[in-house]
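Colleague: I am new to reading protein structures. Could you take me through one, feature by feature?

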Amino acid sequence: MSKARFFMLSALLLMFLDVFSQSISDSVDVLSYSIHLDEINTAEQTIQGHTVVELTSAGGVLSGSALQLKDLTVDSVLFEGNTTNFSYDGETITFEFEDEIIPGESLVFDIYYHGSPFSESWGGFHFAGEYAYNLGVGFESIPHNLGKTWFPCVDNFSDKATYEYYVSVEEPKKAVCGGILQETIPDGDKTIYHWVMENPIPTYLASVAIGEYELYEDTFEGTEADIPIQIWVRPSEIDNVAGSFVNLKSILEVFETHWGPYPFSRVGLVSTSNGAMEHATNIAYPYGTINGGTSYEWLYAHELSHMWFGDKVTCASAEEMWLNEGWAVFNELLYREGIYGDGSWEEEYRDLHKEVLHYAHTPMGDDEYYALDSVPQEVTYGTHSYDKGGLIVHTLRNYLGDEAFFPAMQGFLEEYAYQSASSEDLMNFLTSETGVDMEPFFQNWVFSPGFPHFEIDSVVQEADNFRVFVQQKSKGRNQIFDQNIVEVFFRDADWQLWSDTIIVSGSQRSKVFDVPFEPAMVMLDFEDKMADATTDENVTVDETGTISLSRASVVIEVESITDSAFLRVTHHWAAPDSLFEPVTGLRLSDYRYWSVDGIDLENMQASCRFYYNKNNYLDNTLLLNDGDEITLLYRPDQNTDWQQLDFTQIGPAMIGYLEIDNLEKGEYTLAVWEEGYTDIDDPASSTALRAYPNPAKDFVTISSVNAGLIEIFSANGQLILQKKLENPGMINWHTSGQTSGAYFIRHTNTQGKQSSQKVIIRK
C-alpha cells in the first residue's frame with residue numbers, strides 16, 4: 001500500500017471514529033460522577049485517580065458509550081467490577097456494552113487513569129507551587145469545555161449530573177470542591193476530603209482546589225434558607241477577606257430580590273493563581289483580588305451572578321454564551337444600582353455602550369458584527385457575548401419594564417432550573433409569561449448582528465399637539481426591524497420633562513403626542529434605556545471653561561455664559577443622510593455624524609472641536625488616501641442640505657480636531673474632498689470664498705479671489721440676493737431687512753465650480 005493511500009485511509013478511519021464517538025457521546029446521559037483523586041503530586045505536576053460514571057441512554061437503545069478524557073493515560077475500565085475492553089486516542093474513551101440498554105436503565109463504569117493533565121494559558125488543570133486547581137473552560141481550546149482534563153466525562157454544556165468528590169491530600173493541605181463537605185476521612189498520612197454536589201451541573205462547573213488553605217466562614221440569611229458562606233484562602237490572605245467581601249451579603253440580597261432564592265447549598269470561593277471562574281458553589285478567585293479593599297467586588301459579583309445565569313440555567317451551546325456572560329455583565333450594573341444607587345452604574349453602562357459601538361466589530365473586539373445567538377467559538381468569550389450581551393439585557397429590561405421583566409425572568413430560571421436553555425427558549429418563555437410577542441425584539445437585538453439606529457427626523461405642530469417623525473437606520477447590517485418601542489422625551493423652556501413611547505416599524509414612523517406643555521426640544525431615549533447606535537452627552541452649562549464629551553467625541557470651549565443652558569450632543573454611529581444633490585469629489589462619512597440640541601443655547605458662546613481619527617476604527621473608511629482633504633459639513637435641520645463650514649484643523653491629516661468658532665443647533669458630519677478636487681489654494685480654479693463677520697448683525701462682507709456669481713439664500717431656500725463678482729472682488733451685504741437666523745452664501749466661479757458658506761445673522 002502506498003503512503004498516500006495509507007494516510008488517506010487512516011484519515012478516513014479517524015474521521016469515522018470521531019463521528020462514531022461523538023454520536024455515541026451525544027446519545028449518553030450521565031446521571032452522576034464520583035471522582036476519586038488518590039494523588040495530586042504538585043512536585044511532578046501529575047494526578048492519579050479513578051472516576052465512577054453512572055450513565056443511561058439519552059433516547060434510544062444504547063449499545064456503547066464514549067467519554068472525553070484529554071491527554072492522560074487510561075489504565076483500565078471496569079464494568080460491574082470486571083475489566084472491559086476500550087479504546088483511547090488521547091481525547092476519547094470508547095467502549096461497547098455486552099447487553100444493550102434502554103432508556104430508564106443505567107450502567108456504572110469505573111475508569112482508572114493517571115498522568116500530567118492538560119492546561120492552556122487560562123483553562124485546564126493547573127499547578128502553582130504547592131497548590132493545584134482546575135478551571136473548567138479554556139479560552140483557546142475549542143470546544144471550550146475542560147472538565148475532561150481531570151476526569152472522564154460527557155464534556156458539553158447540556159449534559160448535567162450530580163457529583164461526589166474524594167480527594168486525598170497530605171497535611172497541611174486541604175481539598176476544596178463544589179457542594180458541601182460531608183466528612184474528612186483519615187487515610188494513613190493523608191486525609192480524604194469528601195464533598196457532595198447534589199444539584200445537577202455540567203462538567204465545566206465541577207471543581208477541585210488543593211493547597212494550604214484557611215477558611216473564612218459566615219452565613220447568608222437567604223429568603224428561603226440560611227446559606228453557609230465559605231471562602232478558602234491562602235494564610236497570607238485571611239486578614240483581607242472581611243474587607244474585600246464586606247458587601248457580599250448585600251450583593252446576594254440584590255440577586256435574590258431580582259432573580260429568586262440562591263440556587264445552591266453553599267456560597268463558596270477559593271483562592272487560585274488564575275481565576276474568576278464560576279464553578280458552582282466554589283468560585284475560583286485570583287490571588288491579587290483579595291486585597292482587603294472593594295476594588296474587585298464587581299468581579300466576584302459577576303461570578304456570583306453565574307449561580308443563577310450559567311450554573312442554575314446554562315446556555316445550550318457555546319455560540320449562545322451571552323445567556324451566561326451577558327447576564328453576568330448586566331448583573332455587575334444591577335448590584336451597583338441595588339447597593340449604591342448613586343447613578344454610577346448608569347455612567348458605567350453609557351461608557352460600556354460607547355465601547356461596544358466603537359470596538360466590538362474591530363480587531364480590538366471580535367473583528368466582526370455577530371448575532372448574539374450565533375457567535376463563533378473562536379470568539380465565544382469576547383466582546384459580543386459579554387459586553388454587547390449585557391447591553392441587550394439592559395435593553396430587554398426596559399422593553400418589558402421592571403414589573404414584567406424581573407418576575408418573568410424568575411419564572412424562566414425556575415422553568416429551566418438545572419437544565420440548559422437557548423435564546424429561542426428564552427424568547428418563547430417570555431412571550432408566554434408576559435403576553436408580549438417577543439419575536440420582534442429577539443429578531444432585532446439577538447438573532448441579528450449590528451444595532452438599530454433611531455433619530456428624530458422632524459417635529460410638526462398639529463393644532464395643540466405635536467407630531468414626531470422618527471427615522472430608523474442600522475449599524476453593522478442592512479436590515480431594519482419592526483415593533484421597536486422608543487421613548488420620546490419632551491422638554492419645555494423651564495426644563496420640565498415629559499415622555500411617551502412610539503412604536504417604530506420600518507424606516508420611518510410618526511405619532512401625534514398630546515404634550516402637557518409647549519416643548520422647547522424633543523429627544524429620543526433620554527434615559528438611555530436601549531442600546532441603539534447612538535451615544536449621548538447631556539450637559540448643564542453654567543460656567544465658562546472646557547467641556548470634554550468623550551462619548552460624543554467632541555470638546556466644547558465655553559467662552560461666555562449668562563445664566564445657564566442645557567446642551568445635548570449625540571454621536572450617531574450610523575451614516576448621515578446624503579446630500580440632496582451629489583457634489584463631484586465630495587464624499588460624506590459612511591459611519592458617523594453628530595447632532596446638537598439644547599435649551600437656552602443663546603445664553604452661551606462656545607466653540608467646538610470635532611474629533612477625527614483614521615487609525616482608531618473611526619474614520620478609516622472616510623480617510624482613504626493621502627491626498628484626501630477632510631472637511632466639516634453642517635445643516636440646521638433635515639429639510640436643509642449639507643453645507644461646508646469654516647473650521648480650523650488642529651492636528652495632521654489623519655488624526656486631530658476640526659474646530660468651529662460657534663456651536664449651533666443642528667447636525668454635523670465629516671466629509672472629504674477627494675484628491676484632484678482639493679485645489680482651494682490654486683487661484684486659477686479656486687473660489688476662496690469668505691464671509692465675515694460671522695455671526696453678523698448689520699452687514700456681511702463677501703469676497704473671493706475669482707470672478708463669479710454670488711447668491712444668498714434663506715434657510716428655507718428663498719433667494720435673497722444675486723450679484724456678479726469681479727475678479728478679484730468684494731461686496732457688502734446689508735442685512736437690515738433680514739430676520740435672525742441662518743443664511744447660505746453660494747459662489748459659482750466661471751468654470752462652474754461651487755462653494756458655499758453658512759452665515760448666522762443675530763439682531
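Modeller: We will go from the whole chain down to single residues, and please keep in mind that this is a predicted model.

Colleague: Where do I start? How many helices and strands does the protein chain have?

Modeller: Start with the overall tally. The protein chain has 10 helices and 46 strands. Its C-alpha atoms fill a box of roughly 105 × 70 × 50 Å along the principal axes.

Colleague: What share of the residues is buried?

Modeller: Burial is judged by relative accessible area, and buried means under 20%. Of the 763 residues in the protein chain, 57% count as buried. Contacts are worth a look too. Take those between residues at least 6 apart in sequence: 67% of them join residues at least 24 apart.

Colleague: Now sheets. What is the strand order in the open sheet of 3 strands?

Modeller: Read a sheet as a row of strands, then check how neighbours run. Here the order is β40-β41-β44, and the pairing is antiparallel. β40 (690–692) and β44 (729–734) are the edge strands, each with a single partner, so one side of each has no neighbour in the sheet. On average, neighbouring strands of this sheet are turned by 20 degrees against each other, direction ignored.

Colleague: How many bridges join β40 and β41?

Modeller: β40 pairs with β41 (residues 699–704) over 3 bridges, in the antiparallel sense.

Colleague: What is the order in the open sheet of 8 strands?

Modeller: Read along the row again: β5-β4-β8-β2-β1-β11-β14-β13, with mixed pairing. β5 (82–83) and β13 (180–187) are at the edges, each pairing on one side only. Inside the row, β11 (residues 161–170) and β14 (residues 190–201) run antiparallel, joined by 9 bridges.

Colleague: Which strands does β10 pair with?

Modeller: β9 (residues 124–128) runs antiparallel to β10, with 5 bridges between them. G124 stands opposite L135. The two strands form a hairpin with 2 residues between them, and G129 in that turn has a positive phi of about 65 degrees. β10 also runs antiparallel to β15 (residues 208–211), joined by 2 bridges. There, Y133 stands opposite A209.

Colleague: On to side chains. What does W259 touch?

Modeller: W259 lies in helix α3 (residues 248–259). W259 counts as buried because its relative accessibility is 1%. Beyond its neighbours within four places in sequence, W259 contacts several residues, including W308, F309, W327 and F405. N331 is among the contacts too, and its side chain makes a polar contact of 2.8 Å with that of W259.

Colleague: What about charged residues? How many salt bridges are there in the whole structure?

Modeller: A search finds 29. For each pair, ask how far apart the two partners are in sequence. K529 and E487 form a salt bridge, with their closest N and O atoms 3.3 Å apart. K529 sits in the loop between β27 and β28 and E487 in strand β24, so the pair ties together parts 42 residues apart in sequence. K529 is partly exposed at 28% relative accessible area, whereas E487 is buried at 15%.

Colleague: Which residues form a network of salt bridges?

Modeller: E347, R350, D351, D528, E537 and R551 are linked in one.

Colleague: Last one. What is the nearest side chain of opposite charge to E332?

Modeller: R336, at 5.7 Å. E332 is buried and has no salt bridge, because a salt bridge needs the nitrogen and oxygen within 4 Å. E332 is in helix α5 (residues 322–339). Its side chain does make a polar contact of 2.7 Å with the side chain of H302. Leaving out neighbours within four places in sequence, E332 contacts W298, H302 and E348.

Conventions. Residues numbered from 1 in each chain as written. Predicted model: local features only at pLDDT ≥ 70, side-chain atom pairs only at ≥ 80, totals over all residues. Heavy atoms only, no water. Helix = DSSP H or I, 4+ residues; strand = E, 2+ residues; numbered from the N terminus. Buried < 20%, exposed > 50% of the residue type's maximum accessible area, 1.4 Å probe, protein only. Lys, Arg positive; Asp, Glu negative; His and termini not counted. Polar contact = N/O pair within 3.5 Å; in protein donor to acceptor, adjacent residues only side chain to side chain. Contact = heavy atoms within 4.5 Å. Pairing = 2+ DSSP bridges. Axes fitted to C-alpha atoms, helices over the stretch in contact; angles between N-to-C directions.
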